[in-house]
Amino acid sequence: MKDRRMTILALLMAAVWLAGCGRKPVEPGVSQTLARERAAHISQVRYALAFRLPEDRTEPVEGTETLTFTLDGRREVLLDFREGEENIKSLTVNGKSVPVRWEAEHLLLGKLPKGENRIDLAFVSGDQALNRNDGYLYTLFVPALARTAFPCFDQPNLKAVFSLQLDLPDHWVAVSDGSLLSETVNDGRKQWVFNETKPISTYLFSFVAGEWKVAEETVDGFPMRCFFRETDPDKVAQLPEVFRQVASAVRWMEDYTGIPFPFEKYDFIAIPGYQFGGMEHPGAVQFTDKRIFLNPEPSVDQLLSQSDLITHETAHMWFGDAVTMQWFDDVWTKEVFAGWFAAQMTGPRFPEVDTHLSDFKKFNIPAYEEDRTEGTNAIKRPLDNLSDAGLIYGNIIYDKAPVVMGMLAARMGPEAFREGLQEYLKTFLYGNSDWNDLIAILDRHTPEDLVAWSRSWVSEKGMPEYCVDKDGAVRQRDPWSRGLEWPQEVDVTGIGEVRLLNVSGKGYGYFVHDSLSLEYMMAHIRDFEKPLERISLLANLYENHLDGRIPALRLARFLADFAAAEPEPLLVSTALGYLGSLARHGAAALSPEIEGLLESLARNPALGKEQTTAFRTLTGIAQSPELTESLYQVWKTRKPWPGVTLSETHYTALALELALRLPERGESILEQQRSRIGSADRLREFDFVRPSVSPDRAVRDSVFNALLQPENRRVEPWAESALQYLNHPLRQAEALDYIRPALEALQDVQRTGDIFFSKKWVAATLQGHSSPEADALVEGFLAAHPDYPPLLKDKILQAAAHGRRH
Ligand SMILES: [Zn+2]
């Protein structure tokens, strides 16, 4: 009996094997091989999509689709659809109903004839990329999540024309890439038909629907609409200023590129609980409402950050949307221009701010945070499958790449650079290009050898290390021992015995200084007149501290003195940021002293608006009972220290921090804070985060276990906050138990989350920990998983480094 069964099984397996012959196994995700093959043979892609959106977010979203495309010869065609076979309700290929064949996240259409093909589908969408909330939803398909919502060719270089119809509850509104063409209402529902789009990539197709308020304005002849849920009238009153910023960014880009705004319209949506800063869907740009609506008395950093966000997404209309990368390994080519142009546009809007200073703060400082770690990566990295595309993003492409692009622009000169970019855009408008296309065009506009230049800066990881040798010569070293050379000039300032490197702030790297030079910097920083010089010295000091060259307390005292005397707000906030890091990651014995330094800064009227920044830094690190009591009084009476301005969101953060420190009063603090929260969206967020500060270990454990389930991480910023509070520095001993399971969950987090979330998940887990036990747990995890995916391992190494130099 047993033998016979084995024989039948063997025969069956042979039959399966034979049936499978002639066809390669299907790889899940969107592999580069599949994408290349499709891009080579498929063209003229059009999607006509219709979705029925139920008001109840637990009811499924259903859709229909007509997909047409041209094949250059008879061949096998695969559509990407991550949901299972059971989600396809009907499939018609060229007019004939056919059985559904689904394998490894793909719909197999079989061999299709040369010429135009038409596929008709009815399906149930997966929820992952629909971001369904009570009262609203928004799609977010970057980098390859359109395939969770509908079957498609989910790769950036098969651009398509999309037309869309939405069936909505009659009290909802909606916005998509195309403008509204028609509306019909019947039986409590309404049908909205949207205009077809220009050719766009699947990751840029989007719609937003629900209960949204809509504001309209035309500035400088450019009409715009904003969809928002904010209820605070003071915040809503900021919208005219936001419209002005959008319109001026559009006009600036038109002028620079010589190409008129390349899409039909510019609507934008300010979304609560949004997982990114923004996303550049043409015609329906998404922003996090936190950076669009500012709190009263915003700091210079907050004003710059708002402007950077608006200009960044606007620059993407040209770089990213109209001209798109072939594959996500070149996603940096769109991010670098968005970041770089954002800086070019934001600078002149703030004449009181030194642009070189704000660029250094915005780009160099966060770039160093990752580039100094063992988990750093090259700007351009190979990517085999779009299921890993989210891991390509990080400070290296957002912050280091614009520094490198600035060097390139300086090498070429501004006019040649601009001419090159204009040629590049005109050549590839509404199409796709890669880095080689760009560098080949730029190369024609300059005598410089850009290909050689870009090798070390773009294709290799890490940054150069510099020191001055005994003869006074500057030496460059590759800390990764590859013998790599980075073409770059580095200035040396000699003052007596002292040699200071990169005072100008124009160089990028780690500049090693001896103790004499470091002491000189700390004693004489005020003598350096340019703000860029002072921030470059600050960065030098901090990086040398991380390398063990300045004791933490020495640096902390210097930073406090510096912040109290420095006139530039951006430099004060930089010093405060470094002080906060020293308090969080330094030895516990230092914290009372750093706390005292920060408290005196938060009470010092010389800091102006940066007093509020100092106060907020202080609330995150406060430990002494006296200070905690004083913060409690601020929260209770809602009377901040003179000079400090706090809004509802600050008081909510303060209440959560106080609940952590005052367990016996925690519940009443949180209950009272809850009653002070004015908006339903913010109340939902508060209720989600609140149990993560509970004094009861069992409650916190249950919050942590809940976060291991994807459905509880749906609103990523909320999940991130909860994970941060669970791993708060004051709770780190008890939170050691969360480290291993949080790391074990990381691959699932990557699969079920949006592009930035794996990085945020691991950072929220590890940033509150600074013990050898925590380090050992991370090392133990990596040792136990020797074949762990390298891109994901880098995220762990970046988060675990805590500022230490690798
Ligand atoms: Zn971007």
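This is a predicted model: local features need pLDDT of at least 70, side-chain atom pairs count only at pLDDT 80 or more; totals for chains, interfaces and linings use all residues.
His312 and Glu335 are both buried.

The structure holds 53 salt bridges. One of them pairs Arg381 with Asp794, with 3.7 Å between the closest N and O atoms. Arg381 is located in the loop between helix H9 (355–371) and helix H10 (395–412), whereas Asp794 is part of helix H30 (residues 790–801), so this pair ties together parts that are 413 residues apart in sequence. Arg381 and Asp794 are both buried.

A salt bridge is also formed by Glu465 and Arg477, whose closest N and O atoms are 3.1 Å apart. Glu465 lies in strand S23 (residues 465–468) and Arg477 in strand S24, so the two residues tie together parts that are 12 residues apart in sequence. The two partners fall into separate accessibility classes under the cut-offs used, in which buried means under 20% relative accessible area and partly exposed means between that value and 50%. Glu465 has a relative accessible area of 17% and is therefore buried. Arg477, at 44% relative accessibility, counts as partly exposed.

In the salt bridge between Glu671 and Arg690, the closest N and O atoms are 2.9 Å apart. Glu671 is in helix H22 (residues 663–676), and Arg690 occupies the loop between helix H23 (680–689) and helix H24 (697–707); the pair thus ties together parts that are 19 residues apart in sequence. Glu671 is partly exposed, with a relative accessible area of 44%. Arg690 counts as buried, at 14% relative accessibility.

On the surface, a patch of negative charge is made up of Glu55, Asp56, Glu59, Glu62, Asp170 and Glu211. Of these residues, Glu55 is placed in the loop between strand S1 (42–52) and strand S2 (62–71). The relative accessible area of Glu55 is 41%, so this residue is classed as partly exposed.

Backbone geometry was examined next. Most residues other than glycine have a negative phi, and most peptide bonds are trans. The bond that joins Val142 and Pro143 is a cis peptide bond, with omega of about -5°. Pro143 is found in the loop between strand S10 (136–138) and helix H3 (146–149).

Asp220, although not a glycine, has a positive phi of about 55°. The loop that contains Asp220 runs between strand S16 (213–219) and strand S17 (222–228). With a relative accessibility of 54%, Asp220 counts as exposed. Ser481, likewise a residue other than glycine, has a positive phi near 55°. Ser481 is situated in the loop between strand S24 (474–477) and strand S25 (492–495). The relative accessibility of Ser481 is 65%, and this residue therefore counts as exposed.

Ser176 lies in strand S12 (residues 173–176) and is buried, with a relative accessible area of 2%. Between Ser176 and Gly420, which are 244 residues apart along the chain, the C-alpha atoms are separated by 33 Å. Pro625 is in helix H20 (residues 625–637) and, at 62% relative accessibility, counts as exposed. The C-alpha atoms of Pro625 and Arg661 are 8.8 Å apart in space, while these residues are 36 residues apart in sequence.

Definitions and conventions: Residues are numbered from 1 along each chain as its sequence is written. Side-chain values use heavy atoms; hydrogens and water are left out. Buried means under 20% relative accessible area, exposed over 50%, partly exposed in between (1.4 Å probe, protein chains only). Patches are made of residues with over 30% relative accessible area and no salt bridge: like charges are joined within 9 Å, nonpolar side chains (Val, Leu, Ile, Met, Phe, Trp, Tyr) within 5 Å. Accessible areas come from the Shrake-Rupley method with a 1.4 Å probe; for residues, only the protein chains shown count as cover. A salt bridge is a side-chain nitrogen of Lys or Arg within 4 Å of a carboxyl oxygen of Asp or Glu. Lys and Arg count as positive and Asp and Glu as negative; His and the chain ends are not counted. The place of a charge is taken as NZ of Lys, CZ of Arg, CG of Asp or CD of Glu. Helices (H or I, at least four residues) and strands (E, at least two) are DSSP runs, numbered from the N terminus.
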